[in-house]
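Visitor: Could you walk me through this one? I'd like to go chain by chain.
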Amino acid sequence: MIQYALKRILYLIPVFIGVTFFTFLIFLVVPGDPVRLALGQHPNPELQQKIEHELGMDLPWYIRYFRYIGKAVQGDLGTSIRTGEPVTKIILDRFPATLTLTVAAMVFAIIVGLPAGIFSATKQYSWIDNTFMVMALVGISMPVFVLGLILLLIFVSFLHIVPGTGYGDGQLIYMLLPAITLGTIPMAIISRMTRSSLLEVMGSDYIRTARAKGIKEKSVILKHAFKNAFIPVVTVIGNNFASLMAGAIITERVFNWPGIGSATISAIEQRDLPVVMGLVFFIAVIFVIVNLIVDISYIFIDPRIKLE
Amino acid sequence: MKRFSSIVALFVVALVALAGCGTSTDGGTPTEQTRSGTLRVAIGQDAPTLDPARVTDTTSHEVTKQMYEGLVAYDKELNIVASLASSWDISPDGTLYTFHLRDAKFATGDPVTANDVKWSFERVLNPATKSERTWIFDEVAGAFDYTAGKAQEVTGIVVKDDKTVEIKLTEYSPIFLHKMTYSAAYIVNRKIIESYDNNEAAEEKTEIPAKEGKEPEKTESQLKSGLWHSYESAGTGPFKLQEWKKDQKVVLIPNDNYWGQKSMVETLVFPVIKDDTIRMQEYQAGNIDVLYPIPDADFERVKNDPQLSTEISQVKDLAIYYIGFQNKLEPFTNKKVRQAFNMAVNRQDIVDKIFKGRHTLATGIIPPSMPNYKSLTDAYPYDPTKAKQLLEEAIKEGAKVPSKVVFAFNQGNVTHKNIAEFIQEQIKGNLGIDLQLESVEWATYLKRIDDGAFPMFRLGWVADYPDPDNFLWVLLDSSNAGPKGGGAFYSNPNFDKLVRDAKKEKDNEKRMGLYAEAEKIAMEDACWMPIVFQNSWTLVKPNVSGYFRNAMGPMMYNTVKIGPK
């Protein structure tokens, strides 16, 4: 297993090189000079030159790229053109907010999605099943910003249950709406996946055998069927977790959540090149690492999976 | 099944409990918060910096303005009035300013001296500060030498005694005092900034893990010293920084050492709310007290809402939205063509139908809110017949009118597109000329305007300081054509002479007269097609009094009072 993990970690190196290279490439070909934009409509040419020199923009692109990678592996992702803050600090400041929101959203998705899926599978084609599945369909289809705005309108403007948007001072109540908004799509996917996967398993021979042995239905579902049905669900949970961690750009924007997604959007709007590069690099790292963890976790969930 | 339903029920209960918890820990309803004396002014983006020397954007300016002061400031009518300097004298030739400082103290309690003024200004000019506003001291004697490292101090800034500082200019400048109102000219407390430079305070307060010193030239310590303003303010204004949570909020508290009227609110918070819709929603939910500006999309609704319409106030900005003609490209090399275009477009329709009355029809180049200025111009009338006649005359005179004329606008704003399409339709209908619309990404757009690549383009301009010089000289003087400001590549020696003479004129009334003449020439030449003078609109809760905003931003918030809702 350790060998497998090491192998997977080694695979990450070309992935990181690819990600950074392509991000770098995008900013090379995107029209417009980021320094000029950061400095406004009529910039001071001397200052512009100075900043360009500091950023190494007067050097050939490949030297800039290798210099960037060299510093990045040492944890130095440069400094923001706009604020002068180190990019690493920007990331470290924002990441806890994204992490807590992601965890909360996934907890919501799992707590609601799993029971709904199991319930639907056991009561296939009942009105409850139909209701859950229609809700899941709506959940998957509804754009995040629409759901976010509707929730804000109901809970903030009309019912006054939630005080407003933002991070508050860390109070849980501020997390409620963004977590529900962000967790709704994964919740819908999880419930649908749980339902179909469970239905598939319920038709297999060993379940019939279990039932024939007179085991209670609840046990059949939870102990026998669910264990096997859970494997594809884990994949879904893992993948969703990874993409949510990468920053829920729209949700963070709507709820004014000071996380990675919100910082990425601001940096792009302000053409703050070092920050955008750093954030993309960080997002890629997180995405890849979470996927790795998910892959490794299969070993524990399903011993049949061979590690090759 | 019971068990499954109970899980769902449990979750619902948990949600409700969570909701209940939040309300109680939050300290109650928004009404109670308002009563506690917290003024909440939403900002659409986080301040990029709170170091006055590095402020270039309006958000940072609005926040720093509450904590810092310069030698002079603007009053409500945009006149220059005393601030940290209680008075000043100007030599007859206008090149020597003597500022007499008032007995003011920094928030720390340290007195403000002439040495602080010199140190603050030299700090801006020091390349290590990376200020983008060094140019505000361009006329100060010795400023360039100091920045270039050729001198140890700025020779033109002389400390006469503790409370008197002299500033010597290399040449007379009518806008020098305006520039002294900029954030970069705020006086800062050397003691605080240097404590971070020495890195002791920074080590304690930043969370950046210090690396083991492998690279001696490593910039980390410099970065920490550059970030002192994230943790403390170093000014004399009515407020001081309590907390700056990046991308969340800036919290200010009253400065008891302020020399003027002390704050009437307990806390001043600038919550960062990036999305227009959400900012509006938060205002309506009572979570913010001041909303500036009202998002364009909400303007009509707010105006027609019986309650919200009573909370609106208008700010006449020193800003213009115009269509530029590249005066060196066909067909706009001919004055009559430019005039014909001006007359062929019904701009009042743009004001009424596209802007829905948010802005005012532009009657010239300089907005009417310009203090002490009286314009001699009027808008070109909408007269399609006369326009057609002018175009025909121009063609007879040899003007080359291409079958298609490129009209560019920048991407990402539907208003620009709507205006472009409206003008396209009118020009086609009234002059028979096809305008080829090109929507271009902003960075490329600016570059191509600088290069003079578009025959027709749209742009806006917001004044840096309330003086006609900032419009006429910056945007239209032939020496500024191209990247320095003049995308129109307009050139008229008579205009240039008037604008340059005005720069030297010491009598303000005469100076304004010269600008009025120059503006008249530029309008007769139809160098642009001015569209609207822009207004912005603010929403202020009825229980907030004393809030005032003019074209240069809000006044200090020390006079703002929050009453019961």
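What follows is a short chat about the fold of chain A and a sheet in chain B.

Visitor: How many helices and strands does chain A have?
Guide: Keep in mind that this is a predicted model. Reading along the sequence of chain A, you get α-α-α-α-α-α-α-α-α-α-α-α-α. The tally for chain A is zero strands and 13 helices.

Visitor: Of the chain A contacts between residues at least 6 apart in sequence, what share joins residues at least 24 apart?
Guide: Contact here takes C-beta atoms within 7 Å. Take the chain A pairs at least 6 apart in sequence, then ask which are at least 24 apart: that comes to 73%.

Visitor: Over in chain B, which strands stand at the edges of the four-stranded open sheet?
Guide: The order in that chain B sheet is β1-β10-β9-β8, with mixed pairing. Each edge strand has a single partner, so one of its sides has no neighbour in the sheet. The edge strands of chain B are β1 (38–40) and β8 (239–245).

Visitor: And which residue in β10(B) is the bridge partner of B:Val250?
Guide: Strands β9 (residues 249–254) and β10 (residues 267–271) of chain B pair over four bridges, in the antiparallel sense. For B:Val250, the bridge partner in β10(B) is B:Phe270.

Definitions and conventions: Residues are numbered from 1 along each chain as its sequence is written. Chains are lettered from A and ligands numbered from 1 in the order in which they are written. This is a predicted model: local features need pLDDT of at least 70, side-chain atom pairs count only at pLDDT 80 or more; totals for chains, interfaces and linings use all residues. Helices (H or I, at least four residues) and strands (E, at least two) are DSSP runs, numbered from the N terminus. Two residues are in contact if their C-beta atoms, placed from the backbone, lie within 7 Å. Two strands pair if DSSP finds at least two bridges between them.
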